[in-house]
Amino acid sequence: MTTTTATATTAAQQPPEPAAPRRPDLRPQFFLDIPQSELVATDTLLQIKDTVIDTVESHAMSVIYGDAGLGKSFSTRATIQEMNPDLILPLDFARSRPGPKDLREELFHQMNLGCKMPGTPTAFDKLLRETLPRRPYVIVCDEAQQYRRENFEFLRKLWDTCDPKPAIVFVGGREAYETLESDPALASRIYIRLEILAMTEDEVLKAVPDSHPVWRGVDEALLKRVDDQYALGSFRKWVRVTKHVLKAMEYFKADKVDDQVVGWALKRC
């Protein structure tokens, strides 16, 4: 009985296993997750890759912005896949309009700091200023159009007071860019401003057939029809059309994309 009690006491006194770092899934997510979809080295992907790499090497702040559905988040995620995941600090939030408190707490969790979370903004910022320079972290702020001005100001002050500085990449809609540009202190610190535009017709004719086997060998006139009538150079819209085209081919028992298949698909978009 004595031995059993001692063993139980010793086990109870053992420290708990350290919690695993809270790491979100940083892999690029294909819209609608269509089987056989492939990553295409579009001009957008290559521009974003160059921007992210340059920003990281320069320990700078940059912004990638543009309309929804043009591949900003996807291409950024595809780029950071090639980097050390332990150095990527993604500030992604399920809730809309996060505040500086949310950013502080998320950075704390992402760095897996083994201490008690500070109770005041001043103490919290001091901890972050001391911790961030220890490793070449990259802060990735996706959906930055949801950020309040205070969030940008918080990150700017944090970046200013760290030595060496973390790289910060803002990714979002035009609202994010306009907020950054409206504040001279923020605007003067932006290293690269990359506006993402819709694909041109030539880019569509090159990229779409590489994105999914269903489009390979399809007449260029049909590709142009889809783009002119619906997609307008948006990769997200092209993915949606692809899903409907695959359904149409099942419906008509077709073995290739033709006018009938395209017409049926476009009516469902």
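Helices here are DSSP runs of H or I with at least four residues, strands are E runs of at least two, and both are numbered from the N terminus. The model is a predicted one, so local features need pLDDT of at least 70 and side-chain atom pairs count only at pLDDT 80 or more, while totals for chains, interfaces and linings use all residues. Residue numbers start from 1 along each chain as its sequence is written, and side-chain values use heavy atoms, with hydrogens and water left out.

**View 1. The whole chain, before zooming in.**
Twelve helices and five strands make up the secondary structure of the protein. Of its 269 residues, 44% count as buried, where buried means under 20% relative accessible area, exposed means over 50% and partly exposed is anything in between (1.4 Å probe, protein chains only). A contact here is heavy atoms within 4.5 Å. Take the contacts between residues at least 6 apart in sequence: 72% of them join residues at least 24 apart.

Asn112 sits in the loop between α4 and α5. Its phi is positive, about 55°, although Asn112 is not a glycine. At a relative accessible area of 38%, Asn112 is partly exposed. His59 belongs to the loop between α2 and β1, and its phi is near 50°, again positive in a residue other than glycine. With 32% relative accessibility, His59 counts as partly exposed. For background, most residues other than glycine have a negative phi, and most peptide bonds are trans.

Going from Asp163 to Pro164, the peptide bond is cis, with omega near 0°. Pro164 is in the loop between α6 and β4.

**View 2. The largest nonpolar core, around Leu107.**
A nonpolar core is a set of buried Ala, Val, Leu, Ile, Met, Phe, Trp, Tyr and Cys residues joined through side-chain atoms within 4.5 Å. The largest one has 32 residues, and Leu107, Leu155 and Phe170 have the most contacts inside it. Elements that give two or more residues to this core are β1 (61-66), α4 (100-110), α5 (121-131), β3 (138-141), α6 (149-161), β4 (167-172) and α7 (174-181). The top contributor is α6, with five residues. Which residues does Leu107 touch, not counting those up to four places away in sequence? They are Leu89, Leu91, Leu128, Ile139, Phe154 and Leu158.

Val40 is in the loop between α1 (2-13) and α2 (43-58), and it is buried, with a relative accessible area of 11%. Val40 and Ser211 are 171 residues apart along the chain, yet 6.0 Å separates their C-alpha atoms. Setting aside neighbours within four places in sequence, Val40 is in contact with Leu45, Ala207, Asp210, Ser211 and Phe235.

**View 3. Helix α9 and what covers it.**
In α9 (residues 201-211), the buried residues are Val204, Leu205, Ala207, Val208, Pro209 and Ser211. The cover over these buried residues includes α10 (220-231) and α11. As a general point, an α-helix has 3.6 residues a turn, so residues three or four places apart point the same way.

**View 4. His244 in helix α11.**
His244 is part of α11 (residues 235-252). Is His244 buried or exposed? It counts as buried, at 15% relative accessibility. Beyond its neighbours within four places in sequence, His244 is in contact with Trp264, Ala265, Arg268 and Cys269.

A cavity is a set of points, on a 1 Å grid over the protein atoms alone, where a 1.4 Å probe fits but cannot get out; lining residues have an atom within 4 Å of a point. The structure holds one cavity of 30 Å³ or more. The largest cavity has a volume of about 60 Å³, a volume being the space filled by probe spheres set on the points, which are joined across faces, edges and corners. Ten residues line the largest cavity, and Arg77, Ile80, Asp92, Val140 and Asp142 lie nearest its centre. Helix α3 (residues 72-80) supplies the largest share of that lining, four residues.

**View 5. Arg134 in the loop between α5 and β3.**
Arg134 is in the loop between α5 and β3 and is exposed, with a relative accessible area of 64%. A polar atom of the Arg134 side chain lies 3.2 Å from the backbone oxygen of Glu130.

Terms used: 1 Å grid on protein atoms, 1.4 Å probe; cavity = no way out; pocket = protein on both sides within 12 Å on 5 of 7 lines; lining within 4 Å. Polar contact = N/O pair within 3.5 Å; in protein donor to acceptor, adjacent residues only side chain to side chain.
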